[in-house]
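This briefing covers pockets and strand pairing. Please look over the sequence and the structure first.

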Amino acid sequence: METPILPSPAAATIPPATDSNPAAAEQPKVDYLNLPCPIPYEEIHREALMSLKPELFEGMRFDFTKGLNQKFSVSHSVMMGHTEIPSQSSEVIKIPTADYEFGANFIDPKLMLFGRVLTDGRLNARLKCDLSDNLTLKANAQLTNEPHMSHGTFNFDCKGSDYRTQFQLGNGGLLGASYIQSLTPHLSLGGEVFWAGQHRKSGIGYTARYNTDKMVATGKVASTGMVALSYVQKVSEKVSLASDFMYNYMSRDVTASFGYDYILRQCRLRGKIDSGGVVSALLEERFSMGLNFLLSAEIDHKKKDHKFGFGLTVGE
């Protein structure tokens, strides 16, 4: 008589195989009818500019801001240093200069006004007014004693749920328009056109921006010949690394730079190095509430030039 073969205890306890492939898990669906509103077209590279374009200066700088009430404040600025003058030779020519600047600021939830007057006769003014929840007016003006150097622009910013469009008017027959649209929660595409009537020039441009919680990548191409690429990597909440690449396919000029932005508890350090041999850094040290110390340095190895400055900022 043939003895039946019984399954082993180990085989009896093995559960049936299941599909554990993570790809089989249902991915969250994207609601394309509820995409985020993109940033303005002219601010497409703003994260990279924070690290690669710090406000460097040379000489001594002192800024004092006094708040008169919750909305109105005045500021005083004194700057002493050097100004470069154009020269046909490779040698850098500098002349000592000193300026005083008086400023007035009005800040309201729907209206912001900024004005600056310098001792050399220049007047700078900025306006930002929220005409409605989705329409904003921005205006910039600079008046100077030099002929044909004064200018002014008006920008109308219309914001939708997942798009943003802008119209620009300026002196000299300047007309411009831009549009940027979110295609996914992380990707937005846009374009712009402009016409400079005084110079009889026109142009068109395209841009793309991809951003996540850890990185931002942008690209811009214009008919003027400029190609601009930038990339920002957020290493942590306090450290960011940035790089950019600019190429003009008409003049064949190429520049590239790499920068960093390091935020500590009491200070902020930003710096960069570019393909032209320029190394720069800006340190902002916070001594106490309303008291900041600034240290700026730049070395141009190609021109054999250097700039060094220190400053103090009092008030918020």
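How much space lies in the second largest pocket? The second largest pocket holds about 540 Å³. The model is predicted: local features need pLDDT of at least 70, side-chain atom pairs count only at pLDDT 80 or more, and totals for chains, interfaces and linings use all residues. Residues are numbered from 1 along each chain as its sequence is written, and side-chain values use heavy atoms, with hydrogens and water left out.

**Terms**
- A pocket is an open set of points on a 1 Å grid over the protein atoms alone, where a 1.4 Å probe fits, with protein on both sides within 12 Å along at least five of seven lines; lining residues have an atom within 4 Å of a point.
- A volume is the space filled by probe spheres set on the points, which are joined across faces, edges and corners.
- Strands are DSSP runs (E, at least two residues) numbered from the N terminus, and two strands pair if DSSP finds at least two bridges between them.

- The largest pocket has about 1,500 Å³ of space and 47 lining residues.
- Strand S2 (residues 72–85) contributes the most to the lining of the largest pocket, namely seven residues.

**Strand pairing**
- S10 and strand S11 (residues 201–211) run antiparallel, joined by 10 bridges.
- Threonine 207 in S11 is the bridge partner of glycine 190, and lysine 220 in S12 is the bridge partner of threonine 207.
- S11 and S12 are antiparallel over seven bridges and form a hairpin with three residues between them.

Key:
Helices (H or I, at least four residues) and strands (E, at least two) are DSSP runs, numbered from the N terminus.
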